[in-house]
Amino acid sequence: MMRIKNLAMLVVAAGLLLPLAGIAHEGEAFPHAGNDPYSQASLQRGARNFMNYCSGCHSAKFVRYNRVAKDLGIPDSELRANLMFTSDKPADTIQSAMPAADAIKWFGVAPPDLSLIARSRGTDHVYAFLMGFYKDPSRPTGVNNTVLAGTAMPHVLADLQGVQTAIFKSTEAAGAPEFEKFELPVPGTLSPEQYAEFVRDTVNFLEYMAEPIQTTRRDLGVWVVLFLLIFTGFAYLLYKEFWRDVR
Ligand code: HEC
């Protein structure tokens with residue numbers, strides 16, 4: 001009897017501690033991306049953003065157009081007309097429009113495939129990266145980035161966001177100066193709030209691509225845990241029943 005109690009306590013403790021492990025794992029320094037993988041409208045906007053602003057350079061070669069259309073509720077006509085720029089076959093994977101050799105010539109590095117970037121870097125990291133471009137005339141692209149210093153990626157969203165300048169704290173200690181805040185002397189076509197929303201939708205789509213089944217998995221998980229709990233109840237009753245005559 002004692003043993004069952006101990007086991008139950010262990011399960012409960014593990015259940016309580018697991019979410020904490022999750023919190024500790026997520027980066028401390030980055031602002032929270034705050035995207036909602038359950039919002040289909042946001043994911044549709046994110047897909048549009050990705051196809052229009054990113055797929056020119058970045059591929060997502062583990063993702064097929066028709067799967068995106070099905071999961072996100074995008075009609076075939078819409079998919080072909082507005083989202084497929086590098087292929088005309090819906091069953092194709094998302095390839096970048098740019099040959100890798102040219103990319104290396106232009107940027108010095110090939111733009112990474114973005115299928116899994118939201119998982120390898122984390123959504124908060126990618127969000128901060130897209131929010132973190134600032135003016136730096138010493139760079140060949142004219143911009144630098146607070147998340148990936150010296151990045152080869154140009155600020156492809158500068159028209160929308162405008163070009164920020166970064167203010168750094170002057171520190172006594174040697175080493176890189178510490179970033180303090182952004183200012184926006186040259187605004188873009190979007191307001192800062194609209195731009196943040198634009199980036200959030202894009203990151204949302206990147207998270208979807210990195211694990212298309214995520215929402216199904218989470219929903220199913222609830223039922224699985226419920227089943228296990230109820231099943232444990234029945235198993236316990238059965239245990240009592242079996243041992244009643246033995247004792
Ligand atoms: C003009 C080409 C170009 C376009 C368009 C472009 N990128 Fe990039 N991107 C690059 C290059 C080049 C790199 C490699 C940067 C490096 O390693 O310094 C990169 C790197 C990245 C990375 C990796 C950052 C890291 O932490 O390693 C992410 C994430 C990313 N891009 C997201 C995007 C998103 C989202 C879009 C669309 C809004 C986009 N990119 C559009 C060229 C591009």
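User: What is Gly150 in contact with, leaving aside its neighbours within four places in sequence?

Analyst: Arg139 and Asn144 are in contact with Gly150 once those neighbours are set aside; contact means heavy atoms within 4.5 Å. This is a predicted model: local features need pLDDT of at least 70, side-chain atom pairs count only at pLDDT 80 or more, and totals for chains, interfaces and linings use all residues. Residues are numbered from 1 along each chain as its sequence is written, and side-chain values use heavy atoms, without hydrogens and water.

User: Where does Gly150 lie?

Analyst: Gly150 is in the loop between β4 (143–145) and α8 (158–161). Helices (H or I, at least four residues) and strands (E, at least two) are DSSP runs, numbered from the N terminus. Pro140 is 10 residues away from Gly150 along the chain, and their C-alpha atoms are separated by 9.6 Å.

User: What does the side chain of Asn145 reach?

Analyst: It reaches the backbone oxygen of Phe129 at 2.8 Å. A polar atom of that side chain also lies 3.1 Å from the backbone nitrogen of Leu148. Both are polar contacts, meaning N or O atoms within 3.5 Å; within protein, one must be able to donate a hydrogen and the other to accept it, and residues adjacent in sequence count only if both atoms are side-chain atoms.

User: Switching to the ligand. Which residues come nearest?

Analyst: Cys54, Cys57, His58, Arg121 and Met153, out of the 22 residues around the ligand, where near means a heavy atom within 4 Å. Helix α7 (residues 123–131) supplies the largest share of that shell, four residues.

User: Now the largest nonpolar core. Which residues touch the most other members?

Analyst: Phe50, Leu72, Ile94, Phe205, Leu206 and Met209, among 42 residues in that core. A nonpolar core is a set of buried Ala, Val, Leu, Ile, Met, Phe, Trp, Tyr and Cys residues joined through side-chain atoms within 4.5 Å. α9 gives the most to this core, with 10 residues.

User: Why is α9 called largely enclosed?

Analyst: Because 14 of its 19 residues are buried, α9 is largely enclosed by the rest of the structure.

User: What does Phe205 touch?

Analyst: Not counting residues up to four places away in sequence, Phe205 touches Leu43, Gly46, Ala47, Phe50, Met51, Val68 and Leu72.

User: Last one: where is Ser87?

Analyst: Ser87 is in the loop between α4 (76–83) and β2 (93–94), and counts as buried at 17% relative accessibility. Its side chain makes a polar contact with the side chain of Asp92 at 2.8 Å. A polar atom of the Ser87 side chain also lies 3.0 Å from the backbone nitrogen of Lys89.

Methods: Buried means under 20% relative accessible area, exposed over 50%, partly exposed in between (1.4 Å probe, protein chains only).
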